[in-house]
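Open the structure in your viewer and keep the selection panel at hand. We will go from stop to stop, and each stop says what to select.

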Amino acid sequence: MIDCRVCGTALKPFMSFGNMPVANGFLLPENYSDEYFYEMATAFCPECGMFQIVEIPAPEQMFHENYAFFTRTSRAMVAHFAEYAAWVRDTYLDADDPFVVEIGSNDGAMLENFAKTGMRHLGVEPSANVAAESERHGVKAMVAFFGAETARRVREEQGPASVILAANVICHIPTINDIAAGIAELLDERGVFVFEEPYLGAMIEKCSYDQIYDEHVFIFSARSVQNAFGRHGLELVNVLPQKTHGGSMRYVLARKGAREVSPAVAELLAVEDGQGLGRAETYEVFRGRCEENRDALVRTIRDLRAGGKRVAGYAATSKSTTVLNYCGLGPDDIEFISDTTPIKQNTFTPGTHIPVKAHEHFKSGYPDYAVLFAWNHEAEIMANEGEFAASGGKWIRFVPKVSVT
Ligand code: TMP
Ligand code: ZN
């Protein structure tokens, strides 16, 4: 049993994914002996509707001076953030001399869009290496975890925020009540908090269980966001579905009564009710679907290997750590994983110890099959990898179902 991180209700986990390493804990053989594992189990709170991981590693295990994820690696994400920024500017940035804050500003790919125009801004980013990278792009960043304490400091030094932004970061932070209190502290009277994260409705629909890993403590829905932030005087005023990360939702919150509530909020809540996101049985069914998906993927890969085929992985994503460890797939199943992020190259995958190789390694000797771990970037990847298919290579997909084409 655990207590819901939002409302304190006692929860019973509905599913265990077994022992998991840190999703971004790419490592070298000399570190195998002290690799960190935790049991990854998930629970759903019937009171506030929050979907959450039961036990997670200490944040210091995940967000540190060597954090491996740089937003700029994906051109599609950089373009997405430019659009995100323009939309925020046009829709909500009506203050004089606005001040824009981003929680988890990473390498500055989002804030750069505001910084470029000379706007007052600040990134709050706990990983020093990515924060340093943002400074190189003209984005001011403070190396800190966001919460009530940090919010007070920022407000004292720089005034209230017109907009607080976040993308793929709020779901990383277990102390959600402290985050919400910090936002309520820092936000100007008509300020808005805009954030987007992988969406529970999309995960349940697609059976994309690989959204679940240590950095995603929560998978949000409109209902759970409304409940979690409502406790701190904030109101959900808009919701906008996004295609990023295989199905995300953008949420807009404001002080209660400060901004008009879009009809889209009630509409999405009704869709969620129709989908059964508030019922425990939905998660029992989800567990069964995950097990079927796992068995099908393992069978597919092992049958190909038994026939002497070479199988590689495409993109050593955080999500792939969940898939590989849950399915028990190792280097005998998947020869290597190709990845474009330099600091992941020539390391080994967390828990399953599959070699990670530069993209050139993939290009210079195509395998027979490639498992598409970065399925959320499918369009970008298919546009780049026509030659692999043309040379007879086939893709193995596992979302929403296992297929080979
Ligand atoms: P993420 O899904 O955990 O955000 O990580 C994406 C990873 O995928 C990152 O390490 C870069 C890698 N990647 C490739 O190697 N090739 C690609 O074409 C894309 C889009 C991503
Ligand atoms: Zn709860």
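Contact, on this tour, means heavy atoms within 4.5 Å. Keep in mind that this is a predicted model.

**Stop 1: helix H4**

Select helix H4, residues 128-136. Its buried residues are Asn 129, Val 130, Ala 131, Glu 133 and Ser 134. What do they pack against? They pack against strand S8, residues 141-142. Now step just past the end of H4 to Gly 138. Gly 138 has a positive phi of about 75 degrees.

**Stop 2: the zinc ion**

Select ligand 2, the zinc ion. Which protein atoms are its donors? They are the SG atoms of Cys 4, Cys 7, Cys 45 and Cys 48. These atoms lie 2.2 to 2.3 Å from the zinc ion. The angles among the four donor atoms run from 101 to 120 degrees. The site is tetrahedral, because four donors count as such if all angles lie between 85 and 135 degrees. Along the chain, the donors of the zinc ion follow the spacing C-x2-C-x37-C-x2-C.

Now pick out Cys 7 and Cys 45, a pair that links distant parts of the chain. Cys 7 sits in the loop between strand S1 (2-3) and strand S2 (10-11). Cys 45 sits in the loop between strand S4 (37-44) and strand S5 (51-53). The two are 38 residues apart. Are they buried or exposed? Cys 7 is partly exposed, at 27% relative accessibility. Cys 45 is buried, with a relative accessible area of 0%.

**Stop 3: the nonpolar cores**

Select Phe 193, Phe 229 and Tyr 251. They have the most contacts inside the largest nonpolar core, which has 109 residues. Helix H10, residues 280-306, gives the largest share of this core: seven residues. In soluble globular proteins, nonpolar side chains tend to be buried together.

Now show what surrounds Phe 229. Leaving out residues up to four places away in sequence, Phe 229 touches Ile 170, Ile 176, Ala 180, Ile 183, Phe 193, Phe 195, Leu 234 and Leu 253. Another core, of 24 residues, lies apart from the largest one. Its members include Ala 85, Met 110, Ala 167 and Ala 254.

**Stop 4: helix H2**

Select helix H2, residues 75-92, and find His 80 in it. His 80 counts as buried because its relative accessibility is 9%, and buried means under 20%. What does His 80 touch? Not counting residues up to four places away in sequence, its contacts are Glu 196, Gln 242, Thr 244 and Arg 250.

Ala 79 is also in H2. Ala 79 is partly exposed, at 39% relative accessibility. Try the distance tool on the C-alpha atoms of Ala 79 and Phe 51.

**Stop 5: helix H5**

Select Thr 150, in helix H5, residues 148-158. Thr 150 is buried, at 8% relative accessibility. Apart from neighbours within four places in sequence, Thr 150 is in contact with Val 124, Met 142, Ala 144 and Phe 145.

**Stop 6: helix H11**

Select helix H11, residues 318-327. How many of its residues are buried? The count is 10 of the 10, so H11 is largely enclosed by the rest of the structure. The buried residues of H11 pack against strand S3 (15-21), S4, H10 and strand S15 (337-338). After H11 comes Gly 328, with a positive phi near 70 degrees.

Stay in H11 and select Lys 319. Lys 319 is buried, with a relative accessible area of 7%. Leaving aside neighbours within four places in sequence, Lys 319 is in contact with Asp 210, Gln 211, Tyr 213, Phe 373, Trp 375 and Asn 376. His 361 is 42 residues from Lys 319 in sequence, and 22 Å away in space, C-alpha to C-alpha.

**Stop 7: ligand 1**

Last, select ligand 1. There are 14 residues around ligand 1. Which come nearest? They are Ser 318, Asp 339, Thr 340, Thr 341 and Lys 344.

Now look at the oxygen atoms of ligand 1. One is 2.7 Å from an N or O atom in the side chain of Ser 318. For Lys 319, a side-chain N or O atom is 3.2 Å from an oxygen atom of ligand 1. For Thr 341, a polar side-chain atom lies 3.0 Å from an oxygen atom of the ligand.

Definitions and conventions. Residues are numbered from 1 along each chain as its sequence is written. Chains are lettered from A and ligands numbered from 1 in the order in which they are written. This is a predicted model: local features need pLDDT of at least 70, side-chain atom pairs count only at pLDDT 80 or more; totals for chains, interfaces and linings use all residues. Side-chain values use heavy atoms; hydrogens and water are left out. Donors are N, O and S atoms within 2.8 Å of the metal (3.2 Å for Na, K and Ca); water is not among the atoms, so sites may look incomplete. Four donors count as tetrahedral if all angles lie between 85 and 135 degrees; four count as square planar and six as octahedral if opposite donors are over 155 degrees apart and all others between 65 and 115; anything else is irregular. Helices (H or I, at least four residues) and strands (E, at least two) are DSSP runs, numbered from the N terminus. Buried means under 20% relative accessible area, exposed over 50%, partly exposed in between (1.4 Å probe, protein chains only). A nonpolar core is a set of buried Ala, Val, Leu, Ile, Met, Phe, Trp, Tyr and Cys residues joined through side-chain atoms within 4.5 Å. A residue is near a molecule or strand if one of its heavy atoms lies within 4 Å of it. A polar contact is a pair of N or O atoms within 3.5 Å; within protein, one must be able to donate a hydrogen and the other to accept it, and residues adjacent in sequence count only if both atoms are side-chain atoms.
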